[in-house]
Amino acid sequence: MTAMTAAEAVPHSLPEREFGLLYAEVQQFYAHQMQLFDSFAAEPWAGTFTENAVFDVPTLPAPVRGRAELAANVRRNQEMQAKSGEQLRHWLGMLDVQPRSNGTLRTRCYALVYMTPRGGESRVHRVCVMEDELVLSRGRWRTSHRLVTRDDLA
Amino acid sequence: MTAMTAAEAVPHSLPEREFGLLYAEVQQFYAHQMQLFDSFAAEPWAGTFTENAVFDVPTLPAPVRGRAELAANVRRNQEMQAKSGEQLRHWLGMLDVQPRSNGTLRTRCYALVYMTPRGGESRVHRVCVMEDELVLSRGRWRTSHRLVTRDDLA
Amino acid sequence: MTAMTAAEAVPHSLPEREFGLLYAEVQQFYAHQMQLFDSFAAEPWAGTFTENAVFDVPTLPAPVRGRAELAANVRRNQEMQAKSGEQLRHWLGMLDVQPRSNGTLRTRCYALVYMTPRGGESRVHRVCVMEDELVLSRGRWRTSHRLVTRDDLA
């Protein structure tokens, strides 16, 4: 985490009124993106990333690049979970949104994964930190870079 | 889940500036509604629903209809939890808010239930998906229809 | 919890448009405050409180007062967690924001603590309720009073 002073907690590079809209848009963006992911909507989910997005998560041996690879990854998840009978839910929280002078956004949040076996007990599967770069592309926020780190591997 | 394209992630049927207010109002509405529920505030909680609201959750044998039944359900929960000594907390997250052309809102979010036995270890009790229809009634958002599905029963 | 009627769920003492900005600011404030806490950024975290803030949490034998004590508390946490190898993450949710006529805010939310041992399984550590008073001080929201109660001790 970049060492931020308390004075930077609410960004002031934007006109004050716009931060309310921006923060809501980013929350809505992530809600939609995570629901698509957990529903295995491979192409719509990949479309929430930029064409050449980099997706760097500890469950993959190397960073994934671009929408075709992102979508392929979702389809692999779908196959695995169809076999295991486990439903995963990805939650974000404690969302810190930092607008940059070039119009992009830097976000840092916590990410939880809940797992529920069919007919079984739900449990916390992973606790992670997620750092994104978001860019406006054709009128929408999209992830251009994602780095996820797992607390258990830290 | 309705298959939504990424282009639908941030609704544009409203003037852009208003989405910030709308999203905040819906979050505040749910925070209040869930806190009332977990505090067994039966009538105030029932008042966050419309008069003839339908409440369809897997823990009840049939959908509940209307405020009197909703409030009665809260009082039953209170009795059961007084006996068991367990405190439940209902959390929502990944809140997707979709305004419709008729002025109502369609929301879809994840819902977690945490359970804490008196003096014991807290745990995740349920992982659910919650789909609501919200309507403006006497100046307030209220739930007119709720459908909850449990991941363990899916 | 104060018994609130449904009519109070979305505060109307502010001009309507401003609630979107306010709610976003408070969410951003807490995201930043909790990330500083979990990263052991002692002084920046203490700076998100007012000079004479009161911090009343069940893990401490007595309420902590003022920034020097708050920062010292973070450094103690850091030492303990360095020994135990456990990473904690503090999450807030179901955030109810109530503006008061004197310009301060009263918030009530749920607070979860997740714990992850190094190389081990993550789990829910604590389920709490957090009640804050927030004041604007030098252009920023800061906590002037915090009361946290644990569900397992209730």
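The model is predicted. The contact draws 35 residues from chain C and 37 residues from chain A. A rotation of 120° superposes chain C on chain A. The two copies are thus related as by a three-fold rotation axis.

**Symmetry**

- Chain C lands on chain A with an RMSD of 0.0 Å, and the shift along the axis is 0.0 Å.
- Gly20(C) is the residue of chain C that comes closest to the rotation axis, with its C-alpha at 3.0 Å.
- The copies use different surfaces: 20% of the contact residues of chain C recur in chain A.

**Area buried between chains C and A**

- Three residues of chain C lose the most area to chain A: Gln28(C), Gln35(C) and Trp91(C).
- Together these three account for 25% of what the chain C side buries.

- How many salt bridges cross the interface of chain C and chain A? The rule finds 2.
- Arg123(A) forms a salt bridge with Glu121(C). Their closest N and O atoms are 3.5 Å apart.
- Across the interface of chain C and chain A, 9 residue pairs are in polar contact, with both residues at pLDDT 80 or more.

**What the chain C side is built from**

- Four elements of chain C give two or more residues to the side that touches chain A: helix H1 (16-38), strand E3 (86-99), strand E4 (105-117) and strand E6 (140-150).
- Which element gives the largest share of this side? H1(C) does, with 15 residues.
- By class, the side of chain C that touches chain A has 12 nonpolar, 14 polar and 9 charged residues.

**Chain C against chain B**

- Why do chain C and chain B meet through different surfaces? Only 19% of the interface residues of chain C are also interface residues in chain B, so the surfaces the copies use are different.

Definitions and conventions. Residues are numbered from 1 along each chain as its sequence is written. Chains are lettered from A and ligands numbered from 1 in the order in which they are written. This is a predicted model: local features need pLDDT of at least 70, side-chain atom pairs count only at pLDDT 80 or more; totals for chains, interfaces and linings use all residues. Side-chain values use heavy atoms; hydrogens and water are left out. Copies are superposed by least squares on the C-alpha atoms of residues with pLDDT of at least 70 in both. Contact means heavy atoms within 4.5 Å. Buried area is the accessible area (1.4 Å probe) that two parts lose on being put together, summed over both. A salt bridge is a side-chain nitrogen of Lys or Arg within 4 Å of a carboxyl oxygen of Asp or Glu. A polar contact is a pair of N or O atoms within 3.5 Å; within protein, one must be able to donate a hydrogen and the other to accept it, and residues adjacent in sequence count only if both atoms are side-chain atoms. Ala, Val, Leu, Ile, Met, Phe, Trp, Tyr, Cys and Pro count as nonpolar, Asp, Glu, Lys and Arg as charged, and the others, Gly among them, as polar.
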